[in-house]
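Trainee: Could you take a close look with me at one part of this model, the charged pairs and what surrounds them? I would like a connected picture that I can follow on screen.

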Amino acid sequence: QSGKIIPVVGKIGETLLQVARNYKIDLEGACEGSLACSTCHVYADPRLFKFSMPTDREYDYIDLAYSPRDNSRLGCQVSVDKRIEGMVFEIPRATRNLTVDGYVPKPH
């Protein structure tokens with residue numbers, strides 16, 4: 001919402017959702033990264049799609065996300081590796097979550 005770019009460093013194999021949580025970036029992830037919602041929806045750098053495409057199941061959840069675009073991905077499905085270094089991922093202004101406002105999921 002602020003338009004601010006926050007540089008982060010993730011460990012190889014972590015998901016964008018995990019990295020966001022490590023940096024206290026407000027990326028919801030209501031299902032705790034189990035690919036059962038669309039609350040960790042992000043707009044991905046177009047370069048990501050040269051080597052990482054969503055699965056059919058991920059596309060199903062992207063379709064349910066708030067304001068999906070051609071470059072939408074779920075943060076729980078994008079893993080950190082050297083190829084994403086320098087990429088920018090944008091968090092949409094809102095999410096679609098069926099839980100009560102203010103609900104904060106507890107990690108498993």
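Trainee: Which residue forms a salt bridge with Arg-21, and how far apart are the closest N and O atoms?

Mentor: Happy to walk through it. This is a predicted model, so local features need pLDDT of at least 70 and side-chain atom pairs count only at pLDDT 80 or more, while totals for chains, interfaces and linings use all residues. Residues are numbered from 1 along each chain as its sequence is written, and side-chain values use heavy atoms, with hydrogens and water left out.

The partner of Arg-21 is Glu-32, with the closest N and O atoms 3.0 Å apart. A salt bridge here is a side-chain nitrogen of Lys or Arg within 4 Å of a carboxyl oxygen of Asp or Glu. Arg-21 sits in helix 1 and Glu-32 in the loop between helix 1 and strand 1 (41–43), so the two are distant parts of the chain, 11 residues apart; helices (H or I, at least four residues) and strands (E, at least two) are DSSP runs, numbered from the N terminus. Arg-21 is partly exposed because its relative accessibility is 29%, where buried means under 20% relative accessible area, exposed over 50% and partly exposed in between (1.4 Å probe, protein chains only).

Ala-20 is buried because its relative accessible area is 6%. Leaving aside residues up to four places away in sequence, Ala-20 touches Ile-25 and Leu-27, contact meaning heavy atoms within 4.5 Å.

By the rule above, the model has five salt bridges. Another of them joins Glu-58 and Arg-73, whose closest N and O atoms are 2.8 Å apart. Glu-58 lies in helix 2 (residues 56–62) and Arg-73 in strand 2 (residues 72–74), so this pair ties together parts that are 15 residues apart in sequence. Both Glu-58 and Arg-73 are buried. Glu-58 is also among the residues touched by Leu-74, including Tyr-61 and Ile-62.

A further salt bridge pairs Arg-69 with Glu-90, the closest N and O atoms being 3.6 Å apart. Arg-69 is in the loop between helix 2 and strand 2, and Glu-90 is in the segment after strand 2, 21 residues apart. Arg-69 counts as partly exposed because its relative accessibility is 43%, and Glu-90 does so at 41%. Arg-69 also lies over the face of Tyr-43, 3.7 Å from the ring centre; the rule asks for NZ of Lys or CZ of Arg within 6 Å of the ring centre and within 35 degrees of the ring normal.
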